[in-house]
Amino acid sequence: LEQHPDGKYADQAKNELDGFKLKQVQPEEAQMVKGLFKRFFQSVNSRNEDGMLATVAETLSSFLGKSGAGKPDVVQFLQKIYKSDITNMNWHILDDYSIDKTDVGNGEYEYTVKFTAEQNIDRTDASQPKYNKYVISAVVSTEGKISQFNMTKAE
C-alpha cells in the first residue's frame with residue numbers, strides 16, 4: 001500500500017488491513033481490561049463488596065468452576081477467602097496479560113484474558129501459608145464486565 005496506494009488491489013489490501021486491525025487488541029482496549037481486573041482485586045483487598053460487584057456481569061457463565069453464577073456467588077467468594085485468622089490480604093496482578101479479542105457481531109467484542117496474580121496474606125497463625133500464586137482465566141463481556149472468572153493455583 002505504501003509503494004502503490006492507487007494500485008489495482010489497493011482497495012482489497014486496505015479492507016484486509018482494516019479487518020486485521022479490528023481483530024487486534026488496541027491499547028485502549030487492553031487498558032480497559034487491565035483496569036477492570038485492577039478494580040476487582042482492589043475491591044477484594046479492601047473487602048468492598050459493592051466495588052467488586054460493579055466489575056462483574058449479573059450472571060457469569062462460570063465463576064470459580066460454578067456455571068451460571070450470580071452476584072451472590074461472587075460475594076460468597078469474598079466472604080469465604082477471609083478466614084478468621086487473616087488480618088490482611090493483598091492481591092497483586094503481575095503484568096503478564098494475554099488478551100484475545102473475539103468479534104461477537106454488530107461491531108462488539110469480548111475479550112478472553114489470562115494473567116497471573118499473587119495473594120499475600122497476613123495471618124495470626126504463622127504456620128499457615130502466607131503466599132499463593134494463581135493463574136486467572138477470564139472473559140470480559142461486550143459491556144466491559146467480567147462474565148467468566150476462574151483461578152488455578154500455580155505451582
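This is a predicted model: local features need pLDDT of at least 70, side-chain atom pairs count only at pLDDT 80 or more; totals for chains, interfaces and linings use all residues.

Modeller: A strand here is a DSSP run of E with at least two residues, and strands are numbered from the N terminus.

Is Val104 buried or exposed, or something in between? Val104 is partly exposed, because its relative accessible area is 43%, and that class lies between the cut-offs of 20% and 50%. Leaving aside residues up to four places away in sequence, Val104 touches Tyr109, Glu110 and Thr142. Ser141 is 37 residues from Val104 in sequence. In space, the C-alpha atoms of Val104 and Ser141 are 9.8 Å apart.

Take Tyr109 next, one of the contacts of Val104. The charged end of Lys101 sits over the ring of Tyr109. The distance to the ring centre is 4.4 Å.

S5 spans residues 108–123. S5 pairs with strand S6, residues 131–140, in the antiparallel sense. Ten bridges join S5 and S6. At one place in this pairing, Val113 stands opposite Ala138 of S6. S6 also runs antiparallel to strand S7, residues 146–153, and seven bridges join S6 to S7. Between S6 and S7 the hairpin has five residues. Gly144 in that hairpin takes a positive phi near 80 degrees. In a regular strand, side chains alternate between the two faces of the sheet.

Phe149 belongs to one aromatic cluster, together with Phe37, Phe40, Phe41, Phe63, Phe77, Trp91, Tyr97, Phe115 and Tyr134. The structure holds ten aromatic pairs. In the pair of Phe40 and Phe41, the ring centres are 5.1 Å apart and the planes stand at 90 degrees, so the pair is edge-to-face. Phe40 and Phe41 are both buried.

Which charged side chains meet in salt bridges? A search of the whole structure finds five salt bridges. Among them is the pair of Arg123 and Asp85, at 3.4 Å from N to O. Arg123 lies in S5, and Asp85 in the loop between H4 and strand S3, residues 86–93, so this pair ties together parts 38 residues apart in sequence. Asp85 is buried, because its relative accessible area is 15%, under the cut-off of 20%.

Another salt bridge joins Lys71 and Glu58, whose closest N and O atoms are 3.4 Å apart. This pair links distant parts of the chain, 13 residues apart. Lys71 is in helix H4, residues 71–81. Glu58 is in the loop between helix H3, residues 49–53, and strand S1, residues 59–63. Glu58 counts as exposed because its relative accessibility is 61%, over the cut-off of 50%.

Asp73 forms a salt bridge with Lys66. The closest N and O atoms of that pair are 2.9 Å apart. Asp73 is buried, with a relative accessible area of 17%, whereas Lys66 counts as partly exposed at 42% relative accessibility.

Notes:
Residues are numbered from 1 along each chain as its sequence is written. Side-chain values use heavy atoms; hydrogens and water are left out. Rings of Phe, Tyr and Trp (its six-membered ring) pair if their centres lie within 6.5 Å; planes under 30 degrees apart count as stacked, over 60 as edge-to-face and the rest as tilted. Buried means under 20% relative accessible area, exposed over 50%, partly exposed in between (1.4 Å probe, protein chains only). A charge sits over a ring if NZ of Lys or CZ of Arg is within 6 Å of the ring centre and within 35 degrees of the ring normal. A salt bridge is a side-chain nitrogen of Lys or Arg within 4 Å of a carboxyl oxygen of Asp or Glu. Helices (H or I, at least four residues) and strands (E, at least two) are DSSP runs, numbered from the N terminus. Two strands pair if DSSP finds at least two bridges between them. Contact means heavy atoms within 4.5 Å.
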